[in-house]
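Keep the sequence and the 3D view at hand as you read.

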Amino acid sequence: MFIKYALPALAAAQAVFAASDNIECGSGDTIKIENQSDADGYSSCSTLKGDVEISGTYSGDLQLNGVKQISGGLSCDGASNMTGLSASSLNSIGDTFKLTGLTTLTTLSFAALTKVGSIEFTALPQLQSLDFTKGVTEAGSVVITNTGLSSLNGISLETVGGFDITENTNLKTVNVNNLKNATALINFAGNMDGLEIEFPNLGTGQNMTFRNVSSVSVPSLEKLKGQLGFWGNKFQSFSAPNLTETSDLIFNDNSKLSNISMPVLKTVNGGFQIARSDKLNVIDFPKLETVTGAIDFSGEFNEAHLDSLKLVRGDFNMQSTGNISCTTFDNMAKNREVIKGTETCKTTSNPETRDGKSGSTTSTGKASATSTGAASALDVSSMPAMGLAAVFGALVQYAL
């Protein structure tokens, strides 16, 4: 008899407990937090509906306890006296997680957070690490600029839109081990010169640009829909052992680069440029068949091998201080059989890019690097991807 009545009572109690554990608060309008008491007022809420906005006048540490989900965004702008922000139970933020101008923030602790709409962290100079214990595996995009971070541990994405990491001068390592696909620009610029970047499982992407880094590892990369570009980097070698296809491909002003290995690269859907990388002695792309734009190689190399080349729709420019052989390329240009545009191939003490800019650090060209910037030959890394076609219009010149 006891069991007959006790079990329904227990079930009812469990239902009440479950209901109390799934309390929604907010009407969808912005929830404003001015102080810790405001935050504590939501500690019994599992879900906050709407955006959560922390006051720019907040000072000290803030704990957002109890809350598991925020349907909108979580933001704080200009709270220069905030020293810490934590939410131990929060597992998802539906919209943007945005922190800007928190110049004394040293602690960012979100132990359960795995999913955000996007991340935008800007001007957090005292923040040295991310305490994201479970790791953020889902984000539409990530922008991290001008922070004190030395690594991005805690960002464990499997797929992402844009990934823009700039002006983090303490950033030593980036290893996004689980990332397999990126649908927008991956960009690194202005971080520590010794920055080492690893994307061990990234197979496909859109655009990737790198500046001022000491190593880039993309062993699984197979295809890029957009450009792959390197400017002013410090690495000696770059390898993409599985890359078969990319759009514009650029190596510019990489002063220590002595080896490029892309053994299965077959197609460049755009322009292909190597310039001002004077340690590079041999250019060799053994499987490259098609370049739909122009080829523009200039520097101090002694050998250039493009043994499988079948089609260059744009111009062909190869100029070097080294003792290169032009016979093969001259033959490719005859009757416009392989090279459809204008061919220039020569040994010269003053190698130039196709547009007359300096092609090596020892040459001058029509416009020297000192007057036009280190990446003078063709620098589109700071331009949006949609503008690349216009930039390469001068480089491609399709032959009809």
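What follows covers the disulfides and the surroundings of one serine in a predicted model.

**Disulfides**

Searching the whole structure turns up two disulfides. With bonded cysteines counted along the chain, their pattern is 1-2, 3-4. The table sets out the two pairs.

| Pair | Sulfur–sulfur distance | Torsion about the S-S bond |
|---|---|---|
| Cys 25 and Cys 45 | 1.9 Å | about -80° |
| Cys 326 and Cys 345 | 2.1 Å | about -80° |

With that torsion, the disulfide of Cys 25 and Cys 45 is left-handed. Cys 25 belongs to strand 1 (residues 24-25), while Cys 45 sits in the loop between helix 2 (36-40) and strand 3 (47-48), so this bond ties together parts that are 20 residues apart in sequence. Cys 25 is buried at 14% relative accessible area, and Cys 45 is buried at 2%.

The disulfide of Cys 326 and Cys 345 is left-handed too. Here Cys 326 comes from the loop between strand 36 (316-320) and helix 3 (327-333) and Cys 345 from strand 37 (residues 343-347), so the linked parts are 19 residues apart in sequence. Cys 326 counts as buried at 14% relative accessibility, as does Cys 345 with a relative accessible area of 17%.

**Ser 247**

Where is Ser 247 found? Look in the loop between strand 26 (245-246) and strand 27 (249-252). Ser 247 has 11% relative accessibility, so it counts as buried, the cut-off being under 20%. A polar atom of the Ser 247 side chain lies 2.8 Å from the backbone oxygen of Asn 269. Leaving aside residues up to four places away in sequence, Ser 247 touches Leu 224, Lys 225, Gly 226, Gln 227, Val 268 and Asn 269.

Terms used. Residues are numbered from 1 along each chain as its sequence is written. This is a predicted model: local features need pLDDT of at least 70, side-chain atom pairs count only at pLDDT 80 or more; totals for chains, interfaces and linings use all residues. Side-chain values use heavy atoms; hydrogens and water are left out. Helices (H or I, at least four residues) and strands (E, at least two) are DSSP runs, numbered from the N terminus. Buried means under 20% relative accessible area, exposed over 50%, partly exposed in between (1.4 Å probe, protein chains only). A polar contact is a pair of N or O atoms within 3.5 Å; within protein, one must be able to donate a hydrogen and the other to accept it, and residues adjacent in sequence count only if both atoms are side-chain atoms. Contact means heavy atoms within 4.5 Å. A disulfide is a pair of cysteine sulfur atoms within 2.5 Å.
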